[in-house]
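Work through the exercises below with the sequence and the model at hand. Try each task before reading its solution.

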Amino acid sequence: MISTVDVVSRAEGRWKARDVWCAVAGVVSLVLAVGAASTVAVPVNSDLGLVAVLPYPFWVGVLLLNVAFVVALRGDAAGPARRVVMLWLVVVLVLVLFGTAAFVTDVPRGEVAFRHLGIADALSGSQGIDPDTDAYFNWPGFFALLAAVLGATGLDPVTVALWAPVFNVGLWLAALGVLTGFLTRDPRRRWLVLWVFSLGSWQDQDYLSPQAFGFFLYLVVVALLVGPLAARVPVLRGYRRADLLAWWRGRSPAEPRPGLRVSALVVVVLLVAVISASHQLTPFMVLIAVTALTLSGRVWPSRLPLITVVVLTLWLVYPASAYLAGNPPLAEAGLLAATDANVIDRLSGTAGHVLVVQVRIVLTLVLWALAAAGAVRDWRRGRLDLRVVLLAVTPLLLFPAQLYGGEMLIRVSLFALPFVAVLACSVLLPADGGPRPSAPAADGGPRHSFPAVDGGPRPSLRAAGGLALTCFLLAVLTVTGRFGNAQYDVFTDDEMAAVAAVHRLAPPGSSIISGAHPTPWRSEDYLEHRARTFDDMCQSDLSTATCGPLVYDFARNSPGGAVVLLTRSSEASLVLQGASSARSFDELEEWLSTQDGVELAFSNVDARVYRVTP
């Protein structure tokens, strides 16, 4: 006799018309987006980036994809068929948002990815790790891993760099999915968190980099802290010293299996060591998260912050001492300086470029506003999770501590984004009636229980339509902010040919000088040449009278001579960011080309290479 449970299980496992429609809509969305992106011509000539040149079928695909996701979200997201559909839609979203540039061109975006390939190549050679080379060699963990993977698999480094954003975001979402599983039992909420996180990831930190690797490990550490290492929180009966001490000592592990707890603790310590050896900033984010959760009483091993401090300090004092000797950690601290470097200095340049920066700011503020509204709503309903609030807010503590090249606010928003998304989902998740609070989780924190079965309350069509429209608008803002620099960080084949010519023309020990950093260089012979740029040497004054002699004297006095590489992308970056104008850049090149010992050695539509004899 067939049991009722078997009948229900078979019914849940069947594909319904809604599941089929959503899956097919995902396929159509991907075809539309990929087909539209593949028609975009390179170079991108708009200072608004890809958003200005992507054909309308791309946006039709994005809209259809968000509608399909919301339709799937309205049903039973816990059923096997629906889980497959939701996973497929998330995969399509990642390909559409983070693989767009790979469908436009087969050249990786951004200069830094090429530089990181060069560092990995250098570490795979016989030179070893010399911390005095530059800052990267003080944190070589990621590059050593990259060199080992490339050597063991034989993968093409350029292809790895091209698809790294898709791969890295996939890793992030996998870790975030595990993390949210410890925060809520509602499958719809977990899927929506992944969706909102993807739609809000404008920071463009998912390229082949230690930051992308470190952020993935950070999410894994946090998942272990809110999962196997979580604590049962005792009741705080007063605020006297004795009461606080009893509360601090009264925590107990929520995980009943000691073997799992010990294993998780060992993994966390190992990951802290790996992060400390791989990236400058992420270890401090880990330290802040560990400390905040421990002080809140939500983490069982109360000495974990001390262990993290010891591991981080040992790395800074010994392997990274060469860098820190000339770069004290708090030398650039200050709220005013951080605001100038991260906000004011970025609001300059052409009208389109300024608009892109403003879109990034607006997108960040919108997500934070949604998170604040979600936190208030959760608090009023008695299900606000303090851990999520702490993890969303505490990264801001690092904002005034270091300028980080004007990118600290970008990194802060990235580390806060997973938990901002969790809070924002409290107001974005369409549901008739309110969520029903469930019993507290084993660690003492609330776990959210929303109606998520076919027989429960259904979201209204108005709420579902509002969510689909909101997600579509977030996608438009994210594409604008993420690919807003496409005029200078999407390279052409002619620029790649010029870089190859530079490697042929530059003798070992010579200098390579580029107009600006957006140059696809240094992926080979990283240790063989000194690399400089006009904007590094001339700072804010790129006029011919000031910058010309500085560049020329440096090139002429370089041992082995120098090679000067001027590309379309480097010029575009200076113009878009307001550091120079097209006319001034042309005048500087014309002056330099007429000096003694300077000859044009290579030229095409998008680049010129000048050889300077010593």
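**Exercise 1: The whole chain**

Task: state what share of the residues of the chain count as buried.

Solution. Of the chain's 614 residues, 52% count as buried. Buried means under 20% relative accessible area, exposed over 50%, and partly exposed in between, with a 1.4 Å probe and protein chains only. This is a predicted model, where local features need pLDDT of at least 70, side-chain atom pairs count only at pLDDT 80 or more, and totals for chains, interfaces and linings use all residues. Residues are numbered from 1 along each chain as its sequence is written, and side-chain values use heavy atoms, with hydrogens and water left out.

Next, the secondary structure: the chain has 26 helices and seven strands. Helices (H or I, at least four residues) and strands (E, at least two) are DSSP runs, numbered from the N terminus.

**Exercise 2: Gly227**

Task: locate Gly227 and decide whether Gly227 is buried or exposed.

Solution. Start with the position: Gly227 sits in the loop between helix H10 (210–226) and strand S1 (231–232). Then take the accessibility: Gly227 counts as buried because its relative accessibility is 13%.

**Exercise 3: Helix H25**

Task: explain why helix H25 (residues 568–576) is described as largely enclosed.

Solution. List the buried residues of H25: Arg568, Ser569, Ser570, Glu571, Ala572, Ser573, Leu574 and Leu576. Eight of the nine residues are buried, so H25 is largely enclosed by the rest of the structure. Just after H25, Gly578 has a positive phi of about 80 degrees.
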